[in-house]
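These are my notebook entries on one structure, kept in the order in which I looked things up. The sequence and the coordinates come first, and the entries follow.

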Amino acid sequence: MISNIKIPHYPEISSYFDENSVIAANLAGYELRSGQAEMASLTYHSLLKGFHSLIEAPCGIGKSYAYIIPAALYAKKAGRKVVISTNTKTLQDQLKNYDLPVISKRYGLDFSYKVLKGKNNYICVKKLFDIKTNGIPLDLFTDFGMAEKIKLRTESYLDAAAVIDREGICEFDELAHEVSGDYQFQRMLCCNSVECVNARCSYFKECNYFNAIGAAQKSNIVVVNHSLYLACLMVEAGQAGLQDDEGEDETAARQKFQNPVPEHSKVIFDEAHHIADITQSSFSVSLSYGKIFSNLNAITHLLRKNFSKKSKKITDRINEHKLLVEERLKMYFNFIGPLLADELSSKSLDDSQPAASANGGGADFLSASLSRQMLLKPQHIKQIMSNPNAESLREAISKMADMSAEAGEMLAEKNTALNGAAINSILNEMNSLVEFWSDIKKYGDDNILWCSLPWQPPGRSQQGAHLNVELIASPLNVASILKQNLFEQKESVILTSATLATENNFKYIKSEIGLDGRETAEVIFDSPYDLQRQAAFIIAPLAATPKDRNFNDEASRWIQDIIHESNGRTLVLFTSKFMMEYVYSQIATGLSLNGYKIYMQGQKPRIELLNIFKKDTGSCLFALDSFWEGIDVKGESLSTLIITRLPFKVPSHPLNEARDNYLLKNNRNPFYESSIPWTILKLKQGVGRLIRHKTDRGVLAVLDTRLRDTSYGRKIAGALPQYHYLNDIKQIKKFLAGRADASGSR
């Protein structure tokens with residue numbers, strides 16, 4: 001263990017983790033976990049004394065228990081709330097379904113907790129009733145010709161709505177139905193700020209979202225995910241900008257809708273290595289035809305549906321105003337879009353990290369997740385700022401706001417509730433975005449200005465592609481945002497992960513998130529596993545490097561040989577979808593003929609692939625980014641892990657390019673200060689898939705010889721766990737059988 005603090009002993013903590021503890025008495029086969037009690041004590045100490053902590057806790061320590069138990073004890077003792085934030089909803093659900101109820105009930109802590117998700121995850125009871133009464137609202141999907149596609153699924157949607165109503169389902173994640181995960185279905189039924197009228201809704205007492213917020217307000221522990229937490233942090237940072245003409249009650253209600261996380265001063269981040277990236281995403285702003293048109297469509301749909309068929313005059317005026325904004329919007333993007341679309345079309349696709357919405361399977365995985373991006377050049381910025389259609393677009397949006405206000409007054413006379421403040425806020429945001437980009441030059445030093453264009457499958461018409469261009473402004477200095485809005489505002493921020501340290505220190509992560517120069521508890525726990533005995537490591541002796549043309553062909557042959565030596569049971573992690581598909585096309589058929597079942601990410605949903613891989617101990621899985629972390633495969637199914645190449649971040653991505661330029665301007669080395677530490681953390685995440693239990697035995701095979709043959713590669717290798725070293729892939733079979741005869745360790 002490496003630590004800059006002496007961890008004090010708390011009897012109330014150790015009583016849950018020693019041989020005579022309540023957990024030991026109630027859990028069959030309980031064993032002491034090295035580091036777990038110390039981590040729990042440090043977490044408790046940090047909460048009690050009010051300081052920040054960085055904790056690297058390798059797999060096997062039992063992180064969840066080590067922060068939930070002290071959080072619960074502190075929350076009950078101090079009468080103060082503790083927020084726990086995870087990176088994924090998957091881990092949220094694990095805590096909700098397993099860890100929290102077990103700890104609360106079985107071990108006598110008896111604390112209250114609530115798992116809180118973003119509003120789009122909750123089913124609106126009013127919308128559900130409307131669909132039961134009036135059917136599917138097809139006019140909501142007039143954009144992009146979606147209505148016709150919705151018609152084909154109407155029967156399935158109505159059936160799913162009936163299931164939700166019959167079973168009292170509150171969240172979309174609870175729905176076991178063929179439309180589960182369908183974005184359009186979720187859009188029809190989810191809670192959103194435009195349509196929500198808060199306490200004026202006739203279904204307010206039954207509201208799933210506000211009931212969840214209410215339960216969170218009363219709970220000792222509230223579990224959220226990073227995206228929700230940081231989005232709420234952005235809302236807190238921008239609250240001073242709320243409209244002055246809103247009533248006090250309306251402002252309070254809207255703040256509660258936008259920021260559901262209860263007031264707190266203590267927060268624990270699990271999977272904390274994602275904080276910087278998610279902060280950058282949460283604090284980014286974008287302008288696109290699709291985003292404005294989608295919001296416009298939602299507003300006009302809401303206005304029209306609240307007027308009867310007899311009110312043709314007013315609904316015609318609403319349609320006229322919508323068409324006016326749409327016309328001006330097209331003119332705006334017709335001016336700036338073609339040049340950007342032409343340049344973007346010449347850029348290479350980044351296929352290493354498909355978007356989360358499509359990451360894992362189905363047709364969307366192959367197309368919608370990919371895009372081309374580039375930094376905006378001075379000539380692009382000049383053209384955006386000189387767009388002659390900007391003012392006319394803003395005028396049209398203002399007229400739409402006037403129309404909405406007028407419609408709201410008419411509906412109020414009929415005692416029809418309408419969230420005019422939310423509609424006004426969205427229209428004002430549209431105007432602000434157009435104004436922001438019209439004067440973007442003055443914001444350039446603090447923001448990364450870039451653009452993106454979704455990939456279109458071959459054969460699809462490129463006409464109108466310029467309307468798909470998205471303008472994005474992302475903060476350059478994430479560290480200052482987190483320092484000002486998180487670390488200076490909260491008493492205790494505890495950050496933990498299996499991968500936070502590089503080269504046995506937290507220097508890199510502290511500089512990335514704004515903790516450098518601040519006194520912080522820093523602890524790196526040792527692995528509880530006997531890695532020298534349980535795990536072996538080999539760098540396959542490829543003649544080619546990833547920079548060589550024949551690398552994919554040579555890698556294919558080595559992957560095939562390693563799978564043979566491992567008797568299947570292999571997870572192969574790629575950094576490129578192109579390489580994954582190429583290797584699969586070269587060797588999958590031959591391996592199948594030899595009795596090995598080979599699966600590839602994209603063939604089935606992610607969770608289904610993972611379950612198949614776990615159950616079929618002879619199978620092999622080829623996978624991308626989402627399998628580098630967050631998966632837990634114990635036992636023989638994952639006996640060999642192949643890393644095809646070092647996972648360097650893509651230098652041409654605008655966010656990486658801008659960050660590197662910033663470091664260069666400040667006479668710093670982006671490769672060694674940013675790229676290498678990032679690669680170490682990413683590689684450690686991937687390697688962490690191998691040994692998940694004290695009885696596991698596995699081999700890590702790396703095909704990228706730069707890990708051995710370059711100074712930076714050896715630096716990266718030095719940060720990895722110390723495994724038993726193998727010299728030849730022929731030793732893999734012996735090692736997995738428990739008969740390693742190779743000597744030495746790396």
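Is Asn552 buried or exposed? I find Asn552 buried, with a relative accessible area of 17%, where buried means under 20% relative accessible area, exposed means over 50%, and partly exposed lies in between (1.4 Å probe, protein chains only).

Before going on I note that this is a predicted model, in which local features need pLDDT of at least 70 and side-chain atom pairs count only at pLDDT 80 or more, while totals for chains, interfaces and linings use all residues. Residues are numbered from 1 along each chain as its sequence is written, and side-chain values use heavy atoms, with hydrogens and water left out.

**Entry: Asn552 and helix α23.** I place Asn552 in helix α23; helices (H or I, at least four residues) and strands (E, at least two) are DSSP runs, numbered from the N terminus. Leaving aside neighbours within four places in sequence, I looked up what Asn552 is in contact with (heavy atoms within 4.5 Å), and the list reads Phe578, Met579, Tyr582 and Val583.

**Entry: salt bridges.** I searched the whole structure for salt bridges, each a side-chain nitrogen of Lys or Arg within 4 Å of a carboxyl oxygen of Asp or Glu, and the search finds 39. One of them joins Lys730 to Glu565, with the closest N and O atoms 3.4 Å apart. This pair links distant parts of the chain, since Lys730 sits in the loop between β19 (724-725) and α30 (731-736) and Glu565 in helix α23 (residues 551-565), 165 residues apart. Lys730 is exposed at a relative accessible area of 55%, whereas Glu565 is buried at 12%.

I then took Glu608 and Lys604, whose closest N and O atoms are 3.9 Å apart in their salt bridge. Glu608 is partly exposed, with a relative accessible area of 36%, and Lys604 is partly exposed as well, with 29%. Arg706 and Asp704 also meet in a salt bridge, at 2.6 Å from N to O, and both of these residues are buried. I also noted a network of salt bridges that links Asp93, Lys96, Lys117, Glu171, Asp173 and Glu174.

**Entry: cysteines.** How many disulfides does the rule give? Taking a disulfide as a pair of cysteine sulfur atoms within 2.5 Å, I count 0. The sulfur of Cys124 has its closest cysteine sulfur in Cys191, at 5.1 Å, which is too far for a bond. For Cys191 the closest cysteine sulfur is in Cys207, at 4.9 Å, again too far for a bond. Cys124 is buried, with a relative accessible area of 18%, and Cys191 counts as buried at 6%.

**Entry: strand β6.** From strand β6 (residues 266-269), Lys266 and Ile268 point one way and Val267 and Phe269 the other way, and all are buried. Two strands pair if DSSP finds at least two bridges between them. I find β6 joined by 4 bridges to strand β3 (residues 82-86), the two running parallel, with Val83 opposite Val267. β6 also pairs with strand β11 (residues 492-497) in the parallel sense over 4 bridges, and there Lys266 stands opposite Ser492.

**Entry: helix α19.** The buried residues of α19 include Ile423, Leu427, Met430, Val434 and Trp437.
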